[in-house]
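Have your viewer open and a selection tool ready. We will take this one stop at a time, beginning with a whole chain and then moving in to single elements.

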Amino acid sequence: MASETMSYREALRAGLEEALNQDPRVFLMGEDVGRYGGCYAVSKGLLAQFGAERIIDTPLCESGFVGVGIGAALGGMRPIVEVMTVNFSLLAMDQIVNTAATLRHMSGGQFHVPLVIRMACGAGRQLAAQHSHSWENFYAHIPGLKVLSPATHSDARYMLGQALADPNPVLIFEHVMLLNEPGTVPDKPDAPMETALIRRPGTDISLITYGGNLPKALTAAEQLQQDGISAEVVDLRCLRPLDKPTLLNSVRKTHRAVLIDEGWQTGSLAGEISAIIMEDGFWSLDAPVRRVCSAEVPIPYPRHLEQAALPQVEQIVTTAKAVMEGR
Amino acid sequence: MTSRLHINRAHLLRQLKQMLRIRRFEEKCAELYALEKIRGFLHLYIGEEAIAVGVMSVLSADDQVVATYREHGHALARGVSMGSVLSEMYGRTTGCSRGRGGSMHLFDRATHFYGGNAIVGGGLPLATGLALANKKMQRTALTACFFGEGAVAEGEFHESLNLAALWQLPVLFICENNNYAMGTALTLSESETNIARKADSYGIAAAQVDGMNVVDVEAATLEATEYIHTQQKPYLLECKTYRFRGHSSFDSQLYREKEEVALWEEKGPVRQLVQWMRNNSHLLDSELDDIEKDVDKEIQAAVRFAEAGEWEPVEDLSRDVYSPRQTHR
């Protein structure tokens, strides 16, 4: 089968369709996933195709239905739970953090939770502070969870299947600004889900990012190329566990790094990666690591302020140049 | 078909022994806690034994059990071995959770014992999900979910009842209403103190029962499980009970009068059953002595087993955080 062109949303749907077709234990559960067609139209048409036993509309009770997903996974099913947005997942954080992430360990390895939770994340649609935050950093902090960030159409298509094949609770964050983007889906996954990938090779500086900011980093790399700077773009893909060798190898090659993370800089994943580079790659660095993160404000509603709060291509370019020039 | 409760002398002796196993075991736990053999929190079930024993004697081996942090009694009554429960509290690898959970996190796959949950109300969605899996996989098993009356103030209680009723799931919700959420009396925390009545608004059938009477609890559980199996709907059982000890080992019990505790102790489940059996000439003193001796032996053996248990080597610290692929079926 050759590569296909489709939107990121369609790639996600194709992944869901395949999962539902392959294993009768798989079902999709969440708010408005059925009759409404999915809040972001990802599951549109699946109810008609698979029926209400497998495409289950839930009431608005994140803690309840995420917990039910955990129980169903323990009971031998393979639930895919959709939480409308990561912002609402905070209502289910107890179930995710205190139960899903801990059961394996607290039971001495007797029970595991093969659950997949999908959530939309990210800002850019002028939805203001309660619908725009990047809480994936929170979840990447938790041992016992695996956290995926599909930035490409290929990952949108295949990461779900990989997550279902994993016996642990896996969280998949789908950036809302990617949904309408067209792209290419190859006939097989790019790599195992826990591997970081070099999306653009380069020799002068590593731009390390994930999810919705990958396209921005790639655009920034193009612009830097015009100024004679060869930027390598590293797509983390998996935020927990982090593929340290891949990101460190990149820094050892380029000797410089800029991290792009839509979370706030304070307490961010970017801070963690910076520390990893400092601890394990310090002697290969020619310049301090720099970060491009969201401004330290709840994401504002007006477009110009929202855009000003988020990492932008121009900032990535400016920061990369500053690192190159030792500023 | 309606199965009847068969209460004969042998059965009552068994129930008495089960309650005494829990009672004496926990008295020993309190001692071992004072000796610092057991650390962390220790939430004793003393006074509430009739509920675990009454409910468990009705459940089938395939049913799943979801418990709370006050779950030693549930675990023992379910058939988790006393040695592995005590080892768990010692933190040894011979513990039922390999020493990783401690008193509040007893787990046992063999008896379908899904913990041990230290988050108040946290087990309710889990139990509802297990029931969903049972229904989807067309298993006849039901899920028994124990929780205290403190949990009914949590959103999880309401969310789980709603989902269980909406999707007609085979869950038996068992509220162990001992009147106090830590140190806050039910009347200070709930606008409606009749917990069973709360089930009404979700269209869930419910009953209130004397949680100090093991026969009543067993009879009510039998009715409940028959309802769940025939109707394929959830059921809520509110058991009125009392804990004779504090919330945990750090509780100085400033929130309740000694007279109140003494009053409930009069109604204690062990005392009540012993008295009734004696009054009806169903219990000889020698039989009670024999039971106590058996229980004592079991406890001694459990202590030896726990004392002899290995400590997990520190090199194994990070095991069981993630499941390896091969465990996935």
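## Chain B as a whole

Start by selecting chain B: among its contacts between residues at least 6 apart in sequence, 74% join residues at least 24 apart. Keep in mind that you are looking at a predicted model. Colour chain B by secondary structure and you will find twelve helices and seven strands. Its radius of gyration is 19 Å, close to the 20 Å that the globule rule gives for 329 residues, so chain B is as compact as a globular protein of that length. Of the 329 residues in chain B, 55% are buried.

## A helix pair in chain A

Now move to chain A and select α3 (residues 62–74) together with α5 (residues 93–100). The two axes come within 8 Å and cross at roughly 30 degrees. Angles under 35 degrees count as roughly parallel, which means that α3(A) is roughly parallel to α5(A).

Which residues meet here? Show side chains for A:S63, A:V66, A:G67 and A:I70 on α3(A), and for A:Q95, A:I96, A:T99 and A:A100 on α5(A). By class, this contact has four nonpolar, four polar and no charged residues.

## The five-stranded sheet

Next, bring up the open sheet of chain A, whose five strands lie in the order β9-β11-β10-β13-β14 with mixed pairing. At the edges are β9 and β14 (290–294), each pairing on one side only. From one strand to the next, the twist averages 25 degrees.

Zoom in on β9(A) and β11(A): these strands run antiparallel and are joined by three bridges. To see a bridge up close, pick A:I198, whose partner in β11(A) is A:V234.

## The helix on the sheet

An α-helix has 3.6 residues a turn, so residues three or four places apart point the same way.

For a last stop, click on A:H255, which follows α10(A) and has a positive phi, near 70 degrees.

Terms used
Residues numbered from 1 in each chain as written. Chains lettered and ligands numbered in written order. Predicted model: local features only at pLDDT ≥ 70, side-chain atom pairs only at ≥ 80, totals over all residues. Heavy atoms only, no water. Helix = DSSP H or I, 4+ residues; strand = E, 2+ residues; numbered from the N terminus. Axes fitted to C-alpha atoms, helices over the stretch in contact; angles between N-to-C directions. Parallel < 35°, antiparallel > 145°, perpendicular 65-115°, else oblique. Contact = heavy atoms within 4.5 Å. Nonpolar A, V, L, I, M, F, W, Y, C, P; charged D, E, K, R; others polar. Pairing = 2+ DSSP bridges. Rg over C-alpha atoms; globule rule 2.2 N^0.38 Å. Buried < 20%, exposed > 50% of the residue type's maximum accessible area, 1.4 Å probe, protein only.
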